[in-house]
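Here are my notes on the chain you sent over. They are set out as numbered points, to be read alongside the structure.

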Amino acid sequence: MCPRPCIGRKVRGRPLSYYFKPSGIPSKHLKETILNHDEFEAVRLIDFQEISQEKASKKMGVSQPTLSRILKSARKKLSEAIIKGKAIKIQGGNLKMPMQRGRGLGQGRNPGGRMGGPLAAGPGGKCKCPKCGYKETQIRGQPCMNKKCPKCGTQMTRE
Ligand SMILES: [Zn+2]
């Protein structure tokens, strides 16, 4: 679907709407045709702005044959949508969408924190004897309260 010169393709125009729906067709009967961003851009530059294919291919960073293939595909889809009453959805292609920035940041980081909350043993925790001050590295999964100070026998606490 995406041969060699994928990187560096620039699609500058952004659709005002990403979805076009014919009126009068109940959505359960509605079929959609998907126009990718390269196709959108090809139509925008060549058909709408009436730029030559040569210039448009340079703007988009693709070869002319590639562009004309993209354009052909786009026109086919658009005509199909108009003739068959399909919705048009614009998505895909190589456009990087900056509006998605920020979403997903911090997600998947387990917002609830570690299991057991702040009092649970993390790695590197220490147990301390409240009486004599003896300290010992806590063993994971073993609460300090279950331990007794080896020096004085007092129940230890988490430092
Ligand atoms: Zn002690």
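1. A nonpolar core here means a set of buried Ala, Val, Leu, Ile, Met, Phe, Trp, Tyr and Cys residues joined through C-beta atoms within 7 Å. A residue is taken as buried if 20 or more other C-beta atoms lie within 10 Å of its own. The model is a predicted one.

2. With that in hand, the largest nonpolar core has 15 residues. Those with the most contacts inside this core are A42, V43, I46, A56, L67, L71 and A74. The elements contributing two or more residues to the core are α1, α2 and α3. As background, nonpolar side chains in soluble globular proteins tend to be buried together.

3. Why is helix α1 largely enclosed by the rest of the structure? The helix spans residues 37–48, and nine of its 12 residues are buried, so the rest of the structure largely encloses α1. The buried positions are H37, D38, E39, F40, E41, A42, V43, L45 and I46. Among the elements covering them are β2 (32–35), α2 (53–60), α3 (64–84) and β3 (87–90).

4. Apart from its neighbours within four places in sequence, V43 is in contact with F48, L71, A74 and L78. V43 is also listed among the residues with the most contacts inside the largest core.

5. After α1 comes E50, which has a positive phi, near 55°.

6. The sheet is a separate topic. Three strands make up an open sheet, ordered β5-β4-β6, with antiparallel pairing. Its edge strands are β5 (135–137) and β6 (157–158), each of which pairs on one side only. Strand β4 (residues 126–128) is joined to β5 by three bridges, and the two run antiparallel. In one of the pairs, K126 has T137 of β5 as its bridge partner.

7. For the chain as a whole, the secondary structure amounts to three helices and six strands. Read from the N terminus, the order of elements is β-β-α-α-α-β-β-β-β.

8. Of the 159 residues, 19% count as buried. Taking the contacts between residues at least 6 apart in sequence, 60% join residues at least 24 apart.

How values were computed:
Residues are numbered from 1 along each chain as its sequence is written. This is a predicted model: local features need pLDDT of at least 70, side-chain atom pairs count only at pLDDT 80 or more; totals for chains, interfaces and linings use all residues. Helices (H or I, at least four residues) and strands (E, at least two) are DSSP runs, numbered from the N terminus. Two residues are in contact if their C-beta atoms, placed from the backbone, lie within 7 Å. Two strands pair if DSSP finds at least two bridges between them.
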